[in-house]
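Colleague: I'm new to this one. Could you walk me through it and tell me what the terms rest on?

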Amino acid sequence: MRLPRLRLTAAVLAVGVTALTLGIATPAEAHKHPTPVELISPAVVRIMTYGKVSISLIEHNFRGSTGNDISLVQRSYQPLLATGSGSVVNPSGTIVTSPTVTGVDLNRAAIFAVNKIFNERYGDGAPMPADPYAKAKPSANTSDVVSKRLQRCYSGNTTDETGGCVIFTQAVVTVQPFVADQKQFGDLPAEVVYPTAGKKSDVAVLKVGASSMPSVVLGSSADEVEAVSSLGFTNTPGDEKSLKLTQAHFTKKGSGLVRPNDDYLAQLKTGFTSGMSGGPVVSEKGEVVGFLAQSGNDIKLVGPDAISEALAAVGVEPERGPTDLTYENALHNYNNQLYTAAAPNLEQVLKLYPGHALATEKLATAQQRKGTSADKGTNGATDTSGFGNTDDGSSSDSGGSTNILLWGGLGAVAVLALLLGVVLLRGRGGKGTPAPDGSSHDPNLMPGYGAPYPGQAGPPPGWVDPRYQQYAGQQPYPGVPAYSETPFAGAPDPNSEAQTVLRYSPTNPPPVSGAPAITGPAVPGGSNPSGATAVIGGQGAEGAGAQAGPLAGALATHGDHAAGSCDQCGQPLQPGQQFCGYCGNRVH
């Protein structure tokens with residue numbers, strides 16, 4: 001009777017394997033995956049280029065208290081010259097945009113400064129023009145000294161018998177990432193790293209001091225692309241409503257030329273002057289294939305080839321990081337109303353990238369709905385405990401979403417197939433190898449996992465059980481000292497919330513006796529993306545006011561920890577980087 005029973009068991013398992021294999025697609029089809037726009041949105045940024053102007057107004061024959069004197073009035077202004085959008089292409093803060101956003105005419109800033117200082121100085125005698133960036137017309141009154149002086153100042157760095165102006169200008173670029181609070185998490189100073197001065201290009205590349213930023217999936221070709229979505233900001237990013245989306249269609253697949261009669265053509269043209277210029281164009285596959293640019297009356301795609309060439313010129317390799325995958329998995333749970341599971345997922349996103357606007361917004365909703373009738377709990381939730389493989393940033397579903405249910409189903413198939421093999425093996429008389437304590441262990445599990453180690457003082461050689469008591473209390477890994485991010489008592493953090501002084505924690509030593517207090521300028525907005533070096537005794541760590549000792553040495557080492565590699569994953573680090581852009585761990 002044994003053989004028929006085994007055959008029956010094997011048949012049941014085989015039917016189960018087949019049924020599960022054929023039925024995998026059913027729950028996957030019911031699962032709501034994040035859309036391409038949802039996956040790309042967190043990596044869209046707003047870019048603002050200002051003209052920083054220092055101006056000195058020189059007044060000749062100014063009638064002062066002692067007669068005809070020479071007067072000097074000095075001011076500084078920073079008028080906004082251009083706004084646009086862009087996309088982050090790696091977690092350490094490399095951004096791609098249109099050069100029309102950064103290649104501004106600084107002469108416009110100088111004219112603005114001249115108009116402004118004259119209006120402040122002479123009031124109604126020099127009213128601001130309707131366009132503050134345009135030159136005022138000369139007065140018809142030939143004896144109007146102020147008007148003559150104003151016209152002389154438009155020439156810049158010249159004087160005559162009435163006076164003149166000395167003017168210095170420079171471009172200042174600021175990036176506003178898609179965060180909930182720009183004052184706390186945004187308003188990042190940016191450097192234009194490509195093209196270099198005097199060079200022309202269809203693509204501009206910026207760099208900000210950041211880590212673990214959300215980044216896009218860059219496509220390698222636009223040959224099959226016809227319908228796209230253009231993303232960008234016309235105002236300060238802050239919530240989901242602040243992100244603007246415009247549809248567009250090319251004349252044919254791969255042409256990169258927007259249809260001249262496209263329904264959204266007027267909206268696209270308006271976007272070029274309202275902040276959408278340089279914003280990412282997202283294909284139906286969830287890849288960014290470039291951005292749109294106006295060429296005469298046409299709107300064309302600046303595509304993957306031009307972007308790849310620009311990034312290669314500055315040695316940048318586009319990649320995605322842990323923030324992207326964690327948020328993608330959180331969206332799977334959130335979109336499927338698994339709010340109990342989504343809440344901790346979204347909290348993890350905010351740990352990796354504080355201020356993430358969309359995660360902040362969705363977390364508030366998830367916390368409000370979890371445990372209510374709208375919540376479907378955790379059954380079938382996506383596991384976000386590990387980051388997985390993010391090398392190519394792509395996956396199997398719309399916009400690169402990993403089909404979690406498919407992989408889970410395949411895993412179940414493998415387990416059932418294993419059980420089927422065990423049943424057939426036993427039918428042939430095979431027996432499992434008994435453990436030292438007489439029990440039978442699954443050969444695919446770590447020896448002793450979930451139970452005491454039979455006849456051993458600890459795990460077998462080569463095995464590590466993080467739950468075993470010999471590792472209790474050690475963080476983050478056995479043998480690696482723990483660190484505290486709490487600054488020394490009485491020593492204010494020179495970089496506000498952006499950087500803290502690390503302290504070895506096993507013995508928790510008190511502050512070094514006689515160590516000078518840490519001082520330094522406050523950082524506007526409570527952030528310091530460049531990671532400034534701590535200052536001791538009012539001077540640099542190597543200055544005359546620095547004192548030798550463990551505290552001074554630790555601060556100097558921490559402040560100068562610029563280039564190197566992450567001790568967790570080996571990823572190269574940028575100067576002043578506080579978090580690894582790949583694994584998200586704090587740099588010690």
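Modeller: Let's start where Ile111, Val114, Asn115, Phe118 and Tyr122 in H5 meet Val146, Arg149, Leu150, Cys153 and Tyr154 in H6; contact here means heavy atoms within 4.5 Å. Keep in mind that this is a predicted model, where local features need pLDDT of at least 70, side-chain atom pairs count only at pLDDT 80 or more, and totals for chains, interfaces and linings use all residues. Residues are numbered from 1 along each chain as its sequence is written, and side-chain values use heavy atoms, with hydrogens and water left out.

Colleague: What makes H5 roughly antiparallel to H6?

Modeller: Helix H5 (residues 106-122) and helix H6 (residues 145-155) pack at about 155°, with axes 10 Å apart. Axes are lines fitted to C-alpha atoms, for helices over the stretch in contact, and angles run from 0 to 180 degrees between N-to-C directions. Angles over 145 degrees count as roughly antiparallel, under 35 as roughly parallel, 65 to 115 as roughly perpendicular and the rest as oblique, so H5 is roughly antiparallel to H6.

Colleague: And which residue classes make up the contact of H5 with H6?

Modeller: Eight nonpolar, one polar and one charged. Ala, Val, Leu, Ile, Met, Phe, Trp, Tyr, Cys and Pro count as nonpolar, Asp, Glu, Lys and Arg as charged, and the others, Gly among them, as polar.

Colleague: How do you know that H10 is roughly antiparallel to H11?

Modeller: The axes of helix H10 (residues 322-335) and H11 come within 8 Å and cross at roughly 160°. That angle makes H10 roughly antiparallel to H11. By class, their contact has ten nonpolar, five polar and no charged residues.

Colleague: What about H11 and H12, at what angle do they pack?

Modeller: Helix H11 (residues 339-352) and helix H12 (residues 357-369) pack at about 150°, with axes 9 Å apart. Therefore H11 is roughly antiparallel to H12 too. Eight nonpolar, two polar and three charged residues form that contact.

Colleague: What is the largest nonpolar core built from?

Modeller: A nonpolar core is a set of buried Ala, Val, Leu, Ile, Met, Phe, Trp, Tyr and Cys residues joined through side-chain atoms within 4.5 Å. The largest one has 51 residues, and Ile47, Ile95, Val175, Val203 and Leu346 have the most contacts inside it. H11 gives the most to this core, with six residues. A second, separate core of 22 residues includes Ala110, Ala113, Ile117 and Cys165.

Colleague: Why is lysine 244 called partly exposed?

Modeller: Buried means under 20% relative accessible area, exposed over 50%, and partly exposed in between (1.4 Å probe, protein chains only). Lysine 244 has 37%, so it is partly exposed. This lysine lies in strand S10 (residues 243-249) and touches Ser230, Leu231, Gly232, Thr234 and Met276, not counting residues up to four places away in sequence.

Colleague: Why is serine 212 called buried?

Modeller: Its relative accessible area is 1%, so serine 212 is buried. Serine 212 sits in the loop between S8 and strand S9 (227-233), and its phi is near 60°, a positive value in a residue other than glycine.

Colleague: Where does asparagine 157 lie?

Modeller: In the loop between H6 and strand S5 (158-160). Asparagine 157 also has a positive phi, about 60°, although it is not a glycine.

Colleague: How do you know that the peptide bond from tyrosine 194 to proline 195 is cis?

Modeller: Omega of that bond is near 0°. Proline 195 is in the loop between strand S7 (188-194) and strand S8 (204-208).

How values were computed
Helices (H or I, at least four residues) and strands (E, at least two) are DSSP runs, numbered from the N terminus.
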